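Please look over the sequence and the structure before reading on.

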Amino acid sequence: MQPTDTEVDGCEGAKPVVRKPYVLNELEHEASLPEKKSQTLSKDLIDYVQHMIRNHGENYKAMARDEQNYYQDTPKQIKRKIAVYKRFYPEEFQVFVASLQQDKMDLQ
């Protein structure tokens, strides 16, 4: 029985033959790239936090009683979600708060 190409390629002492060097080069290039931060918040969570801040400001107890609080988060859990939103999107949060301040000024 004749040995197949893969059996010959895997023998000890024989130099391994790279049949598709472009695949190996692409994998090495991809491995050398720095990791991207893929952590982000869902659109639903962002909308939830913005709704709570828009309607209740800093009153976490009122947020816990809000009917949009589908998961029945406690005031502490809501506060934690808002803190996560502030940490992930600090610029967006500042713009959002500034727009709320502008809306209050317009109403007066």
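Helix α5 (residues 75–88) packs against helix α6 (residues 90–107) at an angle of about 110°, and their axes are 5 Å apart. The axes are lines fitted to C-alpha atoms, for helices over the stretch in contact, with angles running from 0 to 180 degrees between N-to-C directions. That angle makes α5 roughly perpendicular to α6, a term for 65 to 115 degrees, whereas angles under 35 count as roughly parallel, over 145 as roughly antiparallel and the rest as oblique. Helices (H or I, at least four residues) are DSSP runs, numbered from the N terminus.

The model is predicted, so that local features need pLDDT of at least 70 and side-chain atom pairs count only at pLDDT 80 or more, while totals for chains, interfaces and linings use all residues. Residues are numbered from 1 along each chain as its sequence is written, and side-chain values use heavy atoms, with hydrogens and water left out.

Where the two helices touch (contact means heavy atoms within 4.5 Å), Tyr-85, Lys-86, Arg-87 and Phe-88 of α5 meet Pro-90, Glu-92 and Phe-93 of α6. The residues of this contact divide into four nonpolar, no polar and three charged; here Ala, Val, Leu, Ile, Met, Phe, Trp, Tyr, Cys and Pro count as nonpolar, Asp, Glu, Lys and Arg as charged, and the others, Gly among them, as polar.

The structure holds two aromatic pairs, that is, rings of Phe, Tyr and Trp (its six-membered ring) whose centres lie within 6.5 Å, called stacked with planes under 30 degrees apart, edge-to-face over 60 and tilted for the rest.

| Pair | Centre to centre | Between the planes | Arrangement |
|---|---|---|---|
| Tyr-85 and Tyr-89 | 6.0 Å | 50° | tilted |
| Tyr-85 and Phe-93 | 6.0 Å | 80° | edge-to-face |

Tyr-85, Tyr-89 and Phe-93 form one aromatic cluster. Tyr-85 and Tyr-89 are buried, as are both Tyr-85 and Phe-93, where buried means under 20% relative accessible area, exposed over 50% and partly exposed in between (1.4 Å probe, protein chains only).

Two salt bridges are counted, each a side-chain nitrogen of Lys or Arg within 4 Å of a carboxyl oxygen of Asp or Glu. Asp-73 and Lys-81 meet at 2.7 Å, N to O; Asp-73 is buried at 9% relative accessibility, and Lys-81 is partly exposed at 24%. Asp-47 and Lys-43 meet at 3.3 Å, N to O, and both lie in helix α3 (residues 43–56), four residues apart, about one turn of the helix.

Gln-72, in the loop between α4 (60–65) and α5, has a positive phi near 55° although it is not glycine, and it is exposed at 65% relative accessibility.
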